[in-house]
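Keep the viewer open as you read.

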Amino acid sequence: MPAMASGFCYVNDIVLGILELTSALGRVLYLDVDVHHGDGVEHAFKYSSEVFTLSFHRHGPGFFPGTGAIVDSGKGEGAYCNLNVPLSEGITDGQYTRIFSRVLTAVVGRFKPKAVVMQCGCDSLAPDKLGGGFNLTSRGLASCLAKVLALNLPTLLLGGGGYDPTTVSRCWTLLLATAAKIKLNSQIPEHQLYERYSPTFNLHTQPVSTRPNLNTKSSLAKLAEDIRMFLARMQATAVGQHEMKTKDDDAELGVSSNAIVATEPTAVPDKDSVDHESRDEVAISHAKSVDLKIEGLEEAREMSGTIDASQTESGTKTKTVSSGIVKTTTETKRKAKNLKRKRKDFDGAAKNQAQSSNLIFEFKE
């Protein structure tokens, strides 16, 4: 954290590395597989649209550091550039790698990073008693790393938590071999500390058979739905930002962007505070339309940057003068109502098609 050390960390080398990469390459995706939430990196970039922080961690009452809920998604320019994937005790390789792969694919497709930084904490492995009680193995983390390397992007790999020496040495040896594309013998060769690796003397760590798995079918289904909602908002935000750069809100309502606009202001609510539920539904429709190819996508994208009809009808009077043509509020209101009706029709079609489609976020065994 900016004002103090936290946990076992006193210098955030990850943040320093990301800053260098963004200045040289541009957008950076940060991945954190440490069992603890990557709170320091998230805090450093929560207002940045150039860094996407993605943390997979245990989350629950009393577990350090107590942050990392899925609702924490970035602020300001960094809105929806931070995704937390909170998990429960006992998660297995099969569940974890499936979640990791699908979330990674979705985020990369939307954020389009130029480089990746991955923090490879080993305290998520089953033998680490000071970790968080996950039931992962070194093979599981190596599988996640292989998916990252398959992106063929410049990648910086860093260490992280890990409090069982033999587990850490096993895991990081395997991860380094994965990055270097070297196939190692699973049997550890004899050396000065050989006996510490008994009784298996094997490179690969093993899960704990008696550890309960609290990641149930229903909890993973809820997590999948939360992530879908996040991705929907992320997609809608990206579409809106793009259109705001290329089109005027007035142009969406049929008014020339080259016109001189004179406005008599009235009390109009802040854009971010208006009709959240309606905007969430539109966001879901936008994001799902990308994957489901819902008819009317382009029209819906055009709508995402418009002023709500409710705002126009709330009392704002606009007169536009261009080449001697005066457009009064009557025409503006009519076109605003038209857009609202079309958007409602699109929302209905999107929901119906989404409900009948097999979406990617189903974390089933």
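Start with helix α3, whose buried residues are Gln-95, Tyr-96, Thr-97, Ile-99, Phe-100, Val-103, Leu-104, Ala-106, Val-107, Val-108, Arg-110 and Phe-111. Buried here means under 20% relative accessible area, with exposed over 50% and partly exposed in between (1.4 Å probe, protein chains only). Helices are DSSP runs of H or I with at least four residues, strands are runs of E with at least two, and both are numbered from the N terminus.

A quick word on provenance: this is a predicted model, where local features need pLDDT of at least 70 and side-chain atom pairs count only at pLDDT 80 or more, while totals for chains, interfaces and linings use all residues. Residues are numbered from 1 along each chain as its sequence is written, and side-chain values use heavy atoms, with hydrogens and water left out.

Back to α3. The helix has 19 residues and reaches 26 Å from its first C-alpha to its last, close to the 27 Å expected at 1.5 Å a residue (that is, 1.5 Å times one less than the number of residues).

Now for what sits around it. The largest nonpolar core has 46 residues, and Phe-52, Leu-54, Leu-83, Val-85 and Tyr-96 have the most contacts inside it. Such a core is a set of buried Ala, Val, Leu, Ile, Met, Phe, Trp, Tyr and Cys residues joined through side-chain atoms within 4.5 Å. Among the elements giving two or more residues to this core are β2 (51–58), β3 (82–87) and α6 (217–246), but α3 gives the most, with nine residues.

Thr-97, in α3, is buried because its relative accessible area is 16%. Leaving aside neighbours within four places in sequence, Thr-97 is in contact with Gly-140, Ser-143, Cys-144 and Lys-147.

Next, hop over to helix α4, where you'll find Ala-142. Ala-142 counts as buried because its relative accessibility is 10%. Not counting residues up to four places away in sequence, Ala-142 touches Leu-174, Leu-175 and Thr-178. The C-alpha atoms of Ala-142 and Leu-174 are separated by 6.9 Å, although the two are 32 residues apart along the chain.

Methods
Contact = heavy atoms within 4.5 Å.
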